[in-house]
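Hi,

Here is the structure I promised to pass on. Have a look at it first, and my notes follow below.

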Amino acid sequence: MANKSYEILDHPSDVRIRVFGDTKEELFSNAMRGMNEVLKSVSLKKAVNQRVVVNSFDLNALLVDFLSEVLYLSQVNKEIYTDIKFNKFSDKELEGELIGNTIESFAEDIKAVTYHDLKIEKKDGLYEATILFDI
Amino acid sequence: MISKEAFKKINDYLWEYRKTGQMNVPARIYVSEKMLDEVFKDKSVEQSINTASLPGIVNYSLAMPDIHEGYGFPIGGVAAMDSEKGVISPGGVGYDINCGMKLLKSELSEKDILPYLDKLAAEIQKEVPSGLGKGRQIKLSIGNLDKILKHGAKKLVEQGYGEEDDIKNCESNGFIEQADPEAVSLHAKNRGRDQVGTLGSGNHFLEVQKVEQIFDEETAKKFGLIKNQVLIMIHTGSRGLGHQIATDYIQVMMRAMPKYDIFLPDRELACAPFKSKEGQRYFAAMSAGANYAWANRQMIAHYIRKAWNEVLGQNVSKLTAIYDVAHNIAKLEKHKVNGEEKELVVHRKGATRAFVGQPVLIPGSMGTASYVLVGIESGKDSWYSTCHGAGRTMSRHAAIRALSGQEIINQLKAKGILVKCYSMRGIAEEAPQAYKDIDEVVEVVHRAGLSKKVARLVPLAVIKGE
């Protein structure tokens, strides 16, 4: 396990997070958790499951498209997902089961997941990515 | 690294970076010399230069005085593309399609409203939810949503949520006719179904304001503005629906670019030829998103009027629209290029259209001044575009660390400004100290001839959603 799963960084107008993972799957799960940290609200209620399927043309796009899809599901269903079980995972597609809770309201409105300065790197065997959210 | 020395001074408020490398045209920035030092603190200059590399860009990649770092394009960026040979780029519009301003005027003066101010602000807050929580509790059917996407604010006025003047005093009369609901994904529609008439978060706000100072008596009279008059300002956009359209089409265009041999320095600049299938489809979807935003501001105006009458009675003076204008949009417009009229796709991202004689609405940050300007002939070099606001200089975290929500409420209270917001964090994030000085930005706009100052407005009450 990576020491830290994600950290929230400073940005003049939006929110930037740095995410870590031993594997690409873990990197993606932690990115989702980092996004939730920004969105989250205190009142968690009923447990829920959602299926997520994403196809993209490369790994960077897959990460943005995955987070965009999770954001969509969160906002439309008023839910926050704390975990994901991947059934399929490659550089261009993924399929998984999201596990989370319904919520009463969000603390922050994320407009979108952006490609701004997005880079997925492998440093000393650890995957790392920086992601910027437009809020 | 690009430095200030690389810029040529055209005049006191205009600087040019010559065409080099991949650029198709030079980049021009409207700032004072003092502000030019500031713009190098982030990536906005680099983004302005990158924008100059978009195919079919005409004359210059332009940046307004409130320029700061965005995605792909800088915020405050203006770029006109030849509609035949050029591209359209979702990054040149931004994620919040048709984020913009609506300004309503009353016949009441400050002294008339002060005894009712607290009640009015509370009632407006109750009537206009942020949409982050329980929202409006009205979920539109896809069929009804499609009508709003197609006909914008016009549709709502027809349904009784406003009056003819609301449409007359609105950019494009509240709708773009090329809008096609079919080009909008189901994801986007689902995000928008329960958000018509919601404010959102971030820098979006409602303000009860007064006219503090008039600079141009004649134009002020034409717009119906007098000193101490009470106004209401609305700042919001197309909410989740617009954000999703942008997300969807950045993906579509990134996939399509190799097909059109377009290779760009930044993924967020993703684009497609305007006349291509992808370009036309984005334009139709973006226009639908813009229509949704005009409808959103119209619906908010309706609920503000309801609150106004609830608190002040049915016989009180009406709230009428001065104007409604977008600051994140791409429009098909005719402009003179080398003496010849041409059809251009004008991208304004964090920039406001300022046609000759048109009211221009520029919000300040929370608790600071806002301005009404008017479009003038000398704005032609910027395709009749001007700034859109103050522009952030401090991160949300830094703002929260610097001052607490309560400290800011106290500071504003000392200035006679009432704040209504459920979230202390929301207040702290939007601290006036986190933004550039709006007076300085507008002064440069005025002196550069981008548009002319008409009136300075100051807030009496600030309302920030539920």
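Let me start with the aromatics: A:F28, A:F66, A:F86 and A:F89 form one aromatic cluster. Before going on, note that this is a predicted model, where local features need pLDDT of at least 70 and side-chain atom pairs count only at pLDDT 80 or more, while totals for chains, interfaces and linings use all residues. Residues are numbered from 1 along each chain as its sequence is written, chains are lettered from A and ligands numbered from 1 in the order in which they are written, and side-chain values use heavy atoms, with hydrogens and water left out.

Over all chains, the search turns up 11 aromatic pairs. For Phe, Tyr and Trp (its six-membered ring), a pair needs ring centres within 6.5 Å; planes under 30 degrees apart are stacked, over 60 edge-to-face, and the rest tilted. A:F66 and A:F86 make a tilted pair, at 6.1 Å centre to centre and 50 degrees between the planes. That pair links helix 2 (residues 59–77) of chain A, which holds A:F66, to strand 4 (residues 79–89) of chain A, which holds A:F86, 20 residues apart. (Helices, H or I with at least four residues, and strands, E with at least two, are DSSP runs numbered from the N terminus.) A:F66 is buried at 0% relative accessible area; buried means under 20%, exposed over 50%, partly exposed in between, with a 1.4 Å probe and protein chains only.

In chain B, the B:F215 and B:Y371 ring centres are 6.2 Å apart with planes at 15 degrees, so this pair is stacked. B:F215 is partly exposed at 31%, whereas B:Y371 is buried at 4%. B:F215 also has the charged end of B:K453 over its ring, 4.3 Å from the centre. For that label, NZ of Lys or CZ of Arg must be within 6 Å of the ring centre and within 35 degrees of the ring normal.

On to the interface. In chain B, 38 residues are in contact with 40 residues of chain A, contact being heavy atoms within 4.5 Å. The two chains bury about 3,200 Å² between them, 48% of it on carbon and sulfur atoms; this is the accessible area (1.4 Å probe) lost on being put together, summed over both. The rule finds 6 salt bridges across the interface, each a side-chain nitrogen of Lys or Arg within 4 Å of a carboxyl oxygen of Asp or Glu. A:D109 and B:R239 meet in a salt bridge at 3.0 Å, N to O.

Cheers
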